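Reader: I would like to learn how to read a structure. Please take me through a few features.

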Amino acid sequence: MLLSLPPGDYLRPGSYCVPPISPYLHDVATDVASWRRQLIWRVGMKRSIAVLGTGRMGSALARALLASDHRMTVWNRTKDKAEPLALLGATVASSALEAVTSAEVIIVNVSDYKATAGILRDDAVASAVRGKLIVDLTSGTPQGARDAAEWCGRHGAGYLDGAIMATPDFIGTDAGTILVSGQGQAFRDNEAVFRALGGNVQHVGQDPGRANALDSALLALMWGALFGALNAIAVSQAEDIDLGELSRQWTATAPVVEGLVTDLIKRTDAGRFASDEETLSSISIHHSAFQHLLELMDARGIDRAVVDGYGFFFQRAIAAGQLHGDFAALSQFMGKAA
Ligand code: NAP
């Protein structure tokens with residue numbers, strides 16, 4: 001018998017006498033079994049978890065969960081890479097099916113969604129996910145996450161999608177940040193699991209695609225900084241500046257850049273593109289300093305491919321009569337392809 005509940009509409013039990021009906025458990029028999037498992041867990045035992053994929057990141061996730069005493073099964077396509085986790089107390093499964101069958105919460109961390117689909121969409125595994133919660137922490141697109149949530153819903157499983165905003169060494173630490181989206185109730189019900197993964201694991205919305213959308217936005221920011229650093233290194237080397245000196249000066253300047261980024265986001269949000277008394281710097285001031293950079297790069301034969309992209313947006317703003325606007329005015333030209 002199938003219960004049809006609106007996704008995310010979850011009846012929480014006020015006491016342990018009432019079995020919970022979760023959005024990801026559609027089958028009544030499975031619900032009762034799950035209720036018994038939750039009852040056991042709530043009186044002291046932790047969730048049983050499987051981690052599928054124990055590469056660099058998956059191993060860090062598994063280690064953090066083991067450190068917080070979760071019952072863990074791990075599986076990796078190349079079994080050798082999962083074996084070290086056995087020494088820490090994990091059970092190493094011989095197949096993805098065995099791992100999925102063993103656990104209530106299935107955390108997936110492989111290279112991409114194609115790999116996730118290859119593992120979960122096997123017929124036997126697809127049947128075994130019913131009544132379980134899939135948490136895919138693999139990087140992907142917003143639409144990929146929405147499609148995966150839809151597939152899980154059709155197979156009677158809950159789904160949360162996560163974007164890991166950290167390198168493996170941050171996992172399990174207070175500074176470990178993971179953005180999670182999808183069924184909020186499933187996130188709250190598994191708070192202890194997420195807490196073990198990092199001090200800053202946040203639920204960012206019901207739309208399963210939201211974590212990946214935020215991930216892409218933040219990656220755009222990060223690559224802006226990293227490609228900027230590559231340019232700075234090229235300029236420094238051409239001008240015989242020691243890279244240690246560059247690093248020290250960057251540390252001193254970073255708060256100014258951070259302030260400019262925060263101001264840019266705030267002004268764009270408010271649509272305050274004209275220069276005013278709070279403007280930190282106009283397009284014209286940036287454009288003029290930008291000419292110095294181009295001149296130096298040309299003189300030293302440094303590749304301009306990245307900075308020519310900046311020049312393109314300066315030109316669009318100037319052609320639109322916004323030379324004296326706030327730097328934030330440039331955001332009007334970035335959102336739409338020319
Ligand atoms: P990794 O060390 O290269 O590990 C990749 C994992 O994916 C391995 O377990 C690999 O299994 C598995 N895999 C690849 N193709 C597969 C397939 N077709 N079927 C089954 N398993 C497959 O990469 P990683 O650094 O752990 O990254 C994993 C995920 O975390 C990626 O989505 C990445 O974007 C995300 N992430 C990583 C970082 C980071 O700093 N490392 C940060 C944020 C997010 P085998 O061992 O058998 O090859």
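Reader: How far is an oxygen atom of the ligand from a polar backbone atom of S111?

Author: A polar contact is a pair of N or O atoms within 3.5 Å; within protein, one must be able to donate a hydrogen and the other to accept it, and residues adjacent in sequence count only if both atoms are side-chain atoms. For S111 the distance to a ligand oxygen is 3.1 Å. A polar backbone atom of V110 also lies 3.1 Å from an oxygen of the ligand, and a side-chain N or O atom of K81 lies 2.6 Å from one. This is a predicted model, in which local features need pLDDT of at least 70, side-chain atom pairs count only at pLDDT 80 or more, and totals for chains, interfaces and linings use all residues. Residues are numbered from 1 along each chain as its sequence is written, and side-chain values use heavy atoms, with hydrogens and water left out.

Reader: Which residues of α11 are buried?

Author: Buried means under 20% relative accessible area, exposed over 50%, and partly exposed in between (1.4 Å probe, protein chains only). Helices (H or I, at least four residues) are DSSP runs, numbered from the N terminus. In α11 the buried residues are I283, H287, F290, L294 and M297. Seen down the axis of α11, they fall within an arc of 75° (taken from the directions from the helix axis to the C-beta atoms), so they line one face of the helix.

Reader: Which exposed residues does the face turned away from the buried side carry?

Author: That face of α11 carries I285, H292, E295 and A299. Just after α11, G301 has a positive phi of about 65°.

Terms used
Helices (H or I, at least four residues) and strands (E, at least two) are DSSP runs, numbered from the N terminus.
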